[in-house]
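Thanks for making time this morning.

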Amino acid sequence: MKPFLSVIVPVYNVKQYLGKCIDSILAQSFKDYELILVDDGSDDQSGKICDEYAQKDNRIIVCHKDNGGLSDARNTGIDLAKGEYLTFIDSDDYVDKNMFEQMSALAKKTDCDMVMTTSYSKFSGDKTVTNNTLKPTGEIKECTPAEALVYIFNVTSRWNVTGNFCKAKLFEGNRFEVGKLYEDINILPELINSCKKVYMYHKSYYYYRVREDSIMGQSMEKISVDLVYAVERNIDFIKGCDYTDEEKKQIVAGMLKEISSWLNHAYNVGTVKLNREYIKCARRLLRKNISFVLSSKKVSFKDKIYLLLNAYNMTSFLKLEATVKNKLKHN
């Protein structure tokens with residue numbers, strides 16, 4: 001009998017964190033799932049740890065493969081999955097014990113294509129260092145694909161596939177792009193556009209580990225132009241979707257705000273010289289799309305000014321903003 005849920009966990013050199021991740025999955029009150037551990041060519045003890053867990057629980061499937069990166073490991077998991085729904089969990093993170101039960105109940109009740117959580121927590125060591133801005137109120141919001149994308153890119157800033165429930169059929173013809181960072185941003189709009197119904201669940205089940213040696217931790221200092229590539233690709237995709245013009249403009253504005261926030265990050269941490277290529281590519285993308293956003297009646301005046309300042313190299317403004325933020329941070 002096929003499981004309701006396939007849980008896909010890519011694993012690469014995380015022996016010190018892997019047990020906590022797997023234990024949080026095995027502790028779920030909901031039991032109708034398979035756990036697919038994809039060992040992506042680990043050269044520590046991670047692969048052995050996977051095998052040891054598989055010997056204790058027959059719901060666990062272990063696949064050992066040559067290293068191909070996070071996207072390739074997720075794609076391998078998708079190919080192996082038998083569940084009606086898929087969820088992705090990174091192997092250095094962990095999840096709340098009630099996550100599967102409550103999200104599967106919503107998925108079964110609504111027969112929706114995707115259940116997305118709007119909140120998450122970041123932690124370092126044993127301490128939660130931040131929660132994203134939305135409070136986990138438990139509110140449930142039904143959305144069309146366009147409404148979901150507007151909400152994600154302008155309200156939640158939750159671009160991740162991790163911790164969401166996606167119907168397996170959404171991945172027919174959709175795969176994570178191998179060899180690029182920001183793989184979640186690359187695929188998420190296409191997945192959502194393939195949905196008929198998306199449910200936003202204002203709960204916080206996912207705990208994201210902050211690590212300086214992780215892929216994203218390393219990219220904080222040197223910002224990859226892969227982000228510009230992902231956003232530009234998605235802007236072109238959104239413009240071709242069957243949404244209203246206003247919906248398209250709001251979604252594009254949200255994506256450009258993300259590009260702009262990383263521009264500001266480069267000034268805030270003093271890595272402008274290190275990120276010249278990103279800054280050049282980001283400003284080109286902003287200038288290419290700014291007139292499209294400015295014609296919107298729903299994008300706020302504040303956001304339009306923010307994007308204009310970033311698009312046209314208002315360096316003095318960015319330096320002033322960075323200085324003010326740093327002073328406020330240390331006061």
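What we have is a predicted model, in which local features need pLDDT of at least 70 and side-chain atom pairs count only at pLDDT 80 or more, while totals for chains, interfaces and linings use all residues. Residues are numbered from 1 along each chain as its sequence is written, and side-chain values use heavy atoms, with hydrogens and water left out.

Let me begin with helix α1 (residues 15-26) and helix α2 (residues 46-56), whose axes lie 9 Å apart and pack at an angle of about 25°. The two are therefore roughly parallel to each other, a term used for angles under 35 degrees. From α1, K15, L18, G19, I22, D23 and L26 meet S46, I49, C50 and Y53 of α2, where contact means heavy atoms within 4.5 Å. By class, this contact has 6 nonpolar, 2 polar and 2 charged residues, with Gly counted among the polar ones.

The second pair is helix α8 (residues 226-239) with helix α10 (residues 276-294), whose axes come within 10 Å and cross at roughly 20°. That makes α8 roughly parallel to α10. The residues of their contact divide into 9 nonpolar, 1 polar and 5 charged.

Leaving aside neighbours within four places in sequence, N186 is in contact with E177, K180, L181, Y229, A230, R233 and N234.

Terms used. Axes are lines fitted to C-alpha atoms, for helices over the stretch in contact, and angles run from 0 to 180 degrees between N-to-C directions. Helices (H or I, at least four residues) and strands (E, at least two) are DSSP runs, numbered from the N terminus. Angles under 35 degrees count as roughly parallel, over 145 as roughly antiparallel, 65 to 115 as roughly perpendicular and the rest as oblique.
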